[in-house]
Structure formats: structure tokens, C-alpha cells
Amino acid sequence: MSRRLISTGSSFEKSAGYSRAVIDGDFAFVAGTTGYDYSTMTMPSDIASQSRNCFKTIEAALKEAGFAMADIVRAAYYITDVRDADAHFEVCGEVLGEIRPAATILVVAGLLKPEMKVEIEVTARRRNA
């Protein structure tokens with residue numbers, strides 16, 4: 001299987017030189033995803049809503065490539081305020097509680113824009129059913 005690029009259609013992807021996801025064989029590498037609601041192009045103010053939006057965008061990219069959320073094997077979370085960790089982890093539990101990928105969380109000084117509270121990136125491996 002050849003390398004395939006998945007895009008959300010955002011002009012930023014081309015201008016910044018990245019893809020939402022890169023599919024290489026049985027692996028999907030999903031880029032760091034922030035909490036925008038792409039249907040309204042707005043950013044919610046709370047981390048739980050941002051985290052949910054991240055997972056919606058990730059799920060859409062995986063689905064387009066023929067993967068499922070259950071295929072996620074690795075997740076990295078970047079949050080800007082340690083006080084938001086519990087609310088973020090609650091969403092992670094809702095979405096990934098049965099999948100339980102290997103995961104890392106980092107508290108960072110900031111993300112690209114000040115309203116961004118979380119960024120999530122994942123790696124998935126297509127399961128042989």
C-alpha cells in the first residue's frame with residue numbers, strides 16, 4: 001500500500017506543509033489536533049469541549065482512511081494548564097476507555113494560539129480482523 005495523505009480541507013494544512021494524517025501501510029499517523037469545531041470554525045472555551053472536538057476530528061480522519069478509533073495504539077496529549085488534566089482525562093476515558101492506548105501527557109507553556117487548551121496526536125495500526 002502506498003503512502004496516502006488525509007486532509008481536513010483546511011488551507012492551513014497546505015500553507016504550513018502538513019497533513020491531518022499520513023497513512024503508511026497498516027499505520028495511520030494523525031497530526032496534532034486542536035479543539036476547533038470545524039462545522040462552526042469556533043474554539044470552545046473549556047478543555048472538555050476542546051478535547052471532544054479533537055477526538056471528533058481524529059475519528060473523521062481515521063474513518064476516511066479506513067481505520068477505527070479502536071485501532072489507536074498510541075496517544076500524546078499536550079495541555080496548557082495542569083488544572084485541566086482531570087477534565088481532559090474524563091473525556092479520554094469516555095472515548096478511549098475500552099481502547100486504552102499507550103499514552104503520554106505533557107503540560108506545555110502554550111500552543112499555537114492562546115485559546116487552545118489541548119492538542120492530541122495519535123498513531124493507529126489497522127487490526128487484522
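Tutor: Happy to! Let's start with a term we will need: a crossing is called right-handed if the near helix is turned clockwise from the far one by less than a right angle, and left-handed if it is turned anticlockwise. Keep in mind too that this is a predicted model.

The helix to look at is α2, which covers residues 47-64. Its 18 residues reach 26 Å from the first C-alpha to the last, close to the 26 Å expected at 1.5 Å a residue. After α2 comes Gly-66, which has a positive phi, near 85°.

Now for the surroundings. The buried residues of α2 are Ile-47, Ala-48, Gln-50, Ser-51, Asn-53, Cys-54, Phe-55, Thr-57, Ile-58, Ala-61 and Leu-62. The elements covering them include the strands β1 (4-6), β2 (21-24), β3, β4 and β6, along with helix α3 (85-96).

Three of those covering strands are paired with one another through β6 (residues 118-125). Strand β3 (residues 27-34) runs antiparallel to β6, and six bridges join them; in one of these pairings, Thr-33 has Ile-120 of β6 as its bridge partner. Strand β4 (residues 72-79) is also antiparallel to β6, with seven bridges between them. There, Tyr-78 is partnered with Glu-119 of β6.

Next, the helix neighbour. The axes of α2 and α3 come within 8 Å and cross at roughly 35°, and the crossing is right-handed. On the α2 side, the contact is made by Ile-47, Ala-48, Ser-51, Arg-52 and Phe-55. On the α3 side, Ala-87, His-88, Val-91, Cys-92, Glu-94, Val-95 and Leu-96 take part. Of the α2 contact residues, Ile-47, Ala-48, Ser-51 and Phe-55 are also among the buried ones.

That brings us to the cysteines. A disulfide is a covalent bond between the sulfur atoms of two cysteines. Searching the whole structure gives zero disulfides, and Cys-54 is in none, with the nearest cysteine sulfur, that of Cys-92, 9.2 Å away.

Definitions and conventions. Residues are numbered from 1 along each chain as its sequence is written. This is a predicted model: local features need pLDDT of at least 70, side-chain atom pairs count only at pLDDT 80 or more; totals for chains, interfaces and linings use all residues. Side-chain values use heavy atoms; hydrogens and water are left out. Two strands pair if DSSP finds at least two bridges between them. Helices (H or I, at least four residues) and strands (E, at least two) are DSSP runs, numbered from the N terminus. The expected span of a helix is 1.5 Å times one less than its number of residues. Buried means under 20% relative accessible area, exposed over 50%, partly exposed in between (1.4 Å probe, protein chains only). Contact means heavy atoms within 4.5 Å. A disulfide is a pair of cysteine sulfur atoms within 2.5 Å. Axes are lines fitted to C-alpha atoms, for helices over the stretch in contact, and angles run from 0 to 180 degrees between N-to-C directions.
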